[in-house]
Amino acid sequence: YTHPAFDFGGEELSGIWVGKFETTGNGDNPTILPNQTSLRGQNLNKDFLTAQKFNNKISGDSHMMKNSEWGAAAYLSHSKYGKDGEVYINNCSNYITGIGAETASAQQSNVTCTAESNKYNGAIGVNASTTGNVYGVYDMSGGAFEYVMGNYDDNVGLSTFSSMPKAPYYDKYKATDAASCGDSCKGHALGETSGWYGDTSSFVSSSAPWFARGGYCLGKSGAGIFYFLRNQGYGANDNTFRFVLVPTKVS
């Protein structure tokens, strides 16, 4: 069985590249850097368009992370190839990328955002990586809420999409709960991992058709890599997104 994150437009991939941090920079010049303020406040459609701007700089297809791609990173974090345990929260209320807290669900403290030990390569910060060391992916627990391209039955909500993008760029769900989602949910870290570590779970619906993942910096135990929440797709100060690069382009 091939995980759905490794099927892009019907082509089986050897792998994908996941942005190491939440997106930084701005909508015209996005970056993926540690110790920077994450790019927030854009609606989901603008996030989707921003994610494609790397296509002018790199080979392959750069796009906004799909729900299935989030699921792949989450599963790997919980395996012998990752941290094999709970990924610690980024509890910096200034939304600085790569920050790790003293515990998995710590409340925010002022020193967290500035102490060297809490930064991505510090002794505490590495616990917020999916591998438990500097080589993993950060900000998948806490930080800002991360919109992903997971949608209920082509409802655009408040995302400002005029119509849905091409099929390879999003995961489509016709169920409103994980229990009845069937094959379209396999590997997406939804029903089978719902509630792990006390992470919040709320499935998409016609009134809130988009998924946000990871929780946010003040979420404490409710935030986490297995967190998922339905949303309308509007822009807010606590929403961001993540890039994914695959080694092929959709024609």
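Phe211 counts as buried because its relative accessibility is 0%; buried means under 20% relative accessible area, exposed over 50%, and partly exposed in between, with a 1.4 Å probe and protein chains only. The model is a predicted one, in which local features need pLDDT of at least 70 and side-chain atom pairs count only at pLDDT 80 or more, while totals for chains, interfaces and linings use all residues. Residues are numbered from 1 along each chain as its sequence is written, and side-chain values use heavy atoms, with hydrogens and water left out.

What is Phe211 in contact with, leaving aside its neighbours within four places in sequence? Contact here means heavy atoms within 4.5 Å. The partners of Phe211 include Asn67, Glu146, Tyr147, Val148, Tyr173, Leu190, Phe203 and Phe228. Phe211 also belongs to the residues with the most contacts inside the largest nonpolar core, together with Met64, Met149, Tyr173 and Phe203. A nonpolar core is a set of buried Ala, Val, Leu, Ile, Met, Phe, Trp, Tyr and Cys residues joined through side-chain atoms within 4.5 Å, and the largest one has 50 residues. Two or more residues of this core come from each of helix H1 (44-51), helix H2 (67-77), strand E7 (145-152), strand E9 (210-213) and strand E12 (243-246). E7 gives the largest share, five residues. These elements are DSSP runs numbered from the N terminus, where helices (H or I) have at least four residues and strands (E) at least two.

Aromatic rings come next. A pair of aromatic rings is described by the distance of the centres and the angle of the planes. Rings of Phe, Tyr and Trp (its six-membered ring) pair if their centres lie within 6.5 Å; planes under 30 degrees apart count as stacked, over 60 as edge-to-face and the rest as tilted. The count by this rule comes to 18 aromatic pairs. In one of them, Tyr173 and Phe203 have ring centres 5.9 Å apart and planes at 80°, so the pair is edge-to-face. This pair links distant parts of the chain, as Tyr173 is in strand E8 (residues 171-173) and Phe203 is in the loop between E8 and E9, 30 residues apart. Phe203 and Phe211 also form an edge-to-face pair, because their ring centres are 5.2 Å apart and their planes stand at 85°. Tyr173 counts as buried at 0% relative accessibility, and Phe203 counts as buried at 6%. Elsewhere, ring pairs join Phe8, Phe48, Phe161, Tyr169 and Trp210 into a cluster.

Phe48 leads on to helix H1, where it is one of the buried residues, along with Leu44, Asn45, Asp47, Thr50 and Ala51. Because six of the eight residues of H1 are buried, the helix is largely enclosed by the rest of the structure. Which strands do the buried residues of H1 pack against? They pack against strand E5 (30-31), strand E6 (61-64), E7, E9, strand E11 (239-240) and E12. The N-terminal end of H1 is capped by Asn43, with a side-chain oxygen 3.2 Å from the backbone nitrogen of Asn45.

Some loop residues also deserve a look. Most residues other than glycine have a negative phi. Asn35, although not a glycine, has a positive phi of about 60°. Asn35 is found in the loop between E5 and H1 and counts as partly exposed at 33% relative accessibility. Asp139 likewise has a positive phi, near 70°, and its place is in the loop between H2 and E7. Is Asp139 buried or exposed? With a relative accessible area of 1%, Asp139 is buried.

Thr112 is placed in the loop between H2 and E7, and is buried with a relative accessible area of 0%. The side chain of Thr112 makes a polar contact of 2.6 Å with the side chain of Ser109. A polar contact is a pair of N or O atoms within 3.5 Å; within protein, one must be able to donate a hydrogen and the other to accept it, and residues adjacent in sequence count only if both atoms are side-chain atoms. Not counting residues up to four places away in sequence, Thr112 touches Asn91, Ile99, Gly100, Glu102 and Asn118.

Finally, the whole chain. The protein chain has two helices and twelve strands. Of its 251 residues, 55% count as buried. Residues 24 or more positions apart account for 66% of the contacts with a separation of 6 or more.
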